[in-house]
Amino acid sequence: MERVRGFFLKANQELSSHNSFIIYKQVEKNQRKQLEDEKQEEEGEDPSALIMDMELRTNQQGETGRQNLTPKIITPLILINILVFTVAFLLGYITFRGSCQSCKDSMSEVSDELGYELNPDTSGSNLYWADLREMFHKYLSEEQLKSSISPLFSLNRTISLLERSSGSPGMTTLSRQIRDMFSQQKLDHVWMDTHYVGLQFPDPARPNTLHWVDESGNVLGELQLEDPDVYCPYSAKGSAVGALIYANYGRLKDMEALKEKDLDPKGHLLLVRIGHVSFAEKVSNAEAFGALGVLIYPDPADIYPDPHKKLKLSNHTAVYGHVHLGTGDPYTPGFPSFNQTQFPPVESSGLPSIPVQPISANITAQLLGKLSGPKAPQEWKGTLSDTPYRLGPGPTLRLVVNNHRNSTPIISIFGCIEGRSEPGRRNHYIVIGAQRDAWGPGAAKSAVGTAILLELVRTFSAMVRNGFQPRRSLLFVSWDAGDFGNVGATEWLEGYLTMLHLKAAVYVSLDNAVLGDDQFHAKTSPLLTSLIESILKQVDSPNHSGQTLYDQVVVPGQSWETKVIQPLPKDSSAYTFTAFGGVPAVEFSFIEEGPPYPFLNTKEDTYKNLHGALQGRLPAVARAVAMVVGQLLIRLSHDHLLPLDFGCYGDVILKHIGQLNEFSGDLKARGLTLQWMYSARGDYIRSAERLQKEIYSSEESNERLMRMFNVRIMRVEFYFLSQYVSPAIYPFRHIFLGQGDHTLGALLEHLQLLRGEGARDGSLRYSRPHFEESRLRHQLALLTWTLQGAANALSGDVWNIDNNF
């Protein structure tokens, strides 16, 4: 009855233009009690009791004037009444079921009256979406923030004073503190997970050095590194001697531009600036072009924020960053670093074979002043004062790196609120994680994310004590060794991957949550985009009174997605969950509108500088992030059906394979076609539409059926992991986001080689310099079948598959 009334109430509303595969109950507040009473009456009536009641009324009526009716007449009348009632009920039911299809778009609208039914053994009334949102607001209100989040930011200041690098005594102390805070909130489970991983540290007895040398290698003088303890983890150990060349950001297109100017990076040391691509990608590109070593520096043009805020990075400061082109322990690629497991010695292919060292802007100015050769293009020039920015080559340098590898215990802390409706072996998890470690004070890097994580733990624990019963478990995690390439998160995934891809529904990262207060970004899997849109419409902007976050980001004439939605970055734990584990993930961030927050990964990333960069608005912006994440978690843990837009991948597939169309003539000349890839995309769309119809024609109260739907929906991301490559060789198997020959990006790159073209966007790295037809055929076949396999898996059972091979 609730659902029937809900549909009638919405019959006059305008149909939504966006298709979302989510079912909601639409119920008016003033009808709740009445509807619940009617439902209880309908469900509680027994057919025999109905007949007895009719007989009783007949007898009573007989006493007032119908004594002449005999049982022979009464019985047929009763049967006729029952028959008429049954036919009318069935006709109404069929009409209602048919109306489901015509009003399905309106069903997708988010309602403040979305019902949350407690377990039968739980006392108390039902909680609705509006109730849950109000409850979350109550425990995360501005007043509550002053009394609870402020101490957590005080904890940030305390954390900033601790040495928080992985394996340090300060990190051990902090790990215990976080575990105790989890335990104090009376979570269902709290535990610690320890791995022994290979991390790289500088050698205090033999610091890294940089010298001027002559052509014979004789030392002429030393360039004193101003931050001698700042280093690049996973740099190759040893020395490199060569003339210096300026290579802008170190992208592939920058390398190609140098070669076009007859400045081959091969045999030289490269000087590159921070930005656009990660440290690891810069070094990987340099190595691919034959460079002997890399120096990485912060240019003022890239890192200074709004000058009116009077904050800038000191010219004496170098920036920390790891150079492993991958995540996790690079000495156990693809499998976990459990101490008791003896794996054969192996190294990740993403480890560089050349030395790398970060340097300050001051040292860079000295180096650039010595370079000769052509002037750098205008777009390559930074803002170091009195610096000509020439390309080189310049004087000969010797770089010596003495970093050493150390087996280090890392500790990740877990706390769980167990799902009440899907307990035990059938339970699904919503995972929320934040990096705990940092190189230096790490206020923005990890302290803010940790504070938000702790506040979410406290808030949801309070909600559970006051009636909230999540259908799915909430798993809160404080990760270790994030600064070394999300080692803690990756090792946990590697250790439990066979189980997690069946259990983990979504991952939410709190890393880099507050780096400014101007723009809000969501780096996410496509499956979560629609849900994020609905949440942004319900969270107040911290910058504009009376506006929601959605109102703040929408620009007339532009899609909101172009302003907010971004791909998952490779240096995020969210990327690892999706590209390696096949779990949809998201990372939210507030950032500056201009140049980024300048102190990230430096000794100057202090609470004072972060608070100053936001002009005292840090708690308000952190609260906005917590509100977005909190409401997202309520929806993900509360809804009967997981609110993931599984149909969106039809457009994602089309966008990627559409880039291949211009090569259709080249493929046809070799007897190849994209037809089967388009056919696989069509099968995926039909499978999604079929699942959508099954959902709309089903009863939401059927827990078994809802669970079956949820399993199919939550595994969509996993379907796009290539099943034809080894995770030990290609950890990131996702065909859209991953790295390796199995990806659509690699296929596009290979087709560009067919015409003798390089990587046009400067972001892809090809492993072979020439086109190979056999390799192309192999790529095309496996990618096509991966897409077809995703369509088949979404169909459910083999008898539901209607494609032709």
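## Questions about a predicted model

Author: Welcome! Pro393 has its place in the loop between α12 (361-368) and β10 (396-401). Please keep in mind that this is a predicted model.

Reader: Which loop holds Tyr389, and why is Tyr389 called buried?

Author: Tyr389 also lies in the loop between α12 and β10. Buried means under 20% relative accessible area. Tyr389 has 2% relative accessibility, so Tyr389 counts as buried. Its phi is near 55°, a positive value in a residue other than glycine.

Reader: How do you know whether Asn601 is buried or exposed?

Author: The relative accessible area of Asn601 is 17%, so Asn601 is buried. You will find Asn601 in the loop between β17 and α19 (607-613). Asn601 has a positive phi of about 65°, although it is not a glycine.

Reader: What about Leu794: why is that residue called buried?

Author: Its relative accessible area is 0%, and buried means under 20%, so Leu794 is buried. Leu794 is found in helix α27 (residues 773-795). Leaving aside residues up to four places away in sequence, Leu794 touches Phe646, Tyr684, Ser687, Ala688, Leu691, Arg712, Val716 and Tyr719. One of these, Ser687, is 107 residues apart from Leu794 along the chain, and their C-alpha atoms are separated by 6.0 Å.

Reader: How much of the protein chain is buried?

Author: Of the 805 residues in the protein chain, 56% are buried.

Reader: What makes β3 and β16 edge strands?

Author: Start with the open sheet of eight strands, whose order is β3-β11-β13-β12-β14-β17-β15-β16, with mixed pairing. Strands β3 (189-201) and β16 (565-566) each pair on one side only, and these are the edge strands.

Reader: How do you know that β14 and β17 count as a pair?

Author: Two strands pair if there are at least two bridges between them. Strand β14 (residues 504-509) and strand β17 (residues 585-591) have three bridges, so they count as a pair, in the parallel sense. In β17, Ala585 is the bridge partner of Tyr507.

Reader: Which helix packs on the sheet?

Author: That is helix α20 (residues 618-638), which touches β12 (429-435), β13 (473-479), β14, β15 (519-524) and β17. The direction of α20 makes about 160° with that of β17.

Technical notes
Residues numbered from 1 in each chain as written. Predicted model: local features only at pLDDT ≥ 70, side-chain atom pairs only at ≥ 80, totals over all residues. Heavy atoms only, no water. Buried < 20%, exposed > 50% of the residue type's maximum accessible area, 1.4 Å probe, protein only. Helix = DSSP H or I, 4+ residues; strand = E, 2+ residues; numbered from the N terminus. Contact = heavy atoms within 4.5 Å. Axes fitted to C-alpha atoms, helices over the stretch in contact; angles between N-to-C directions.
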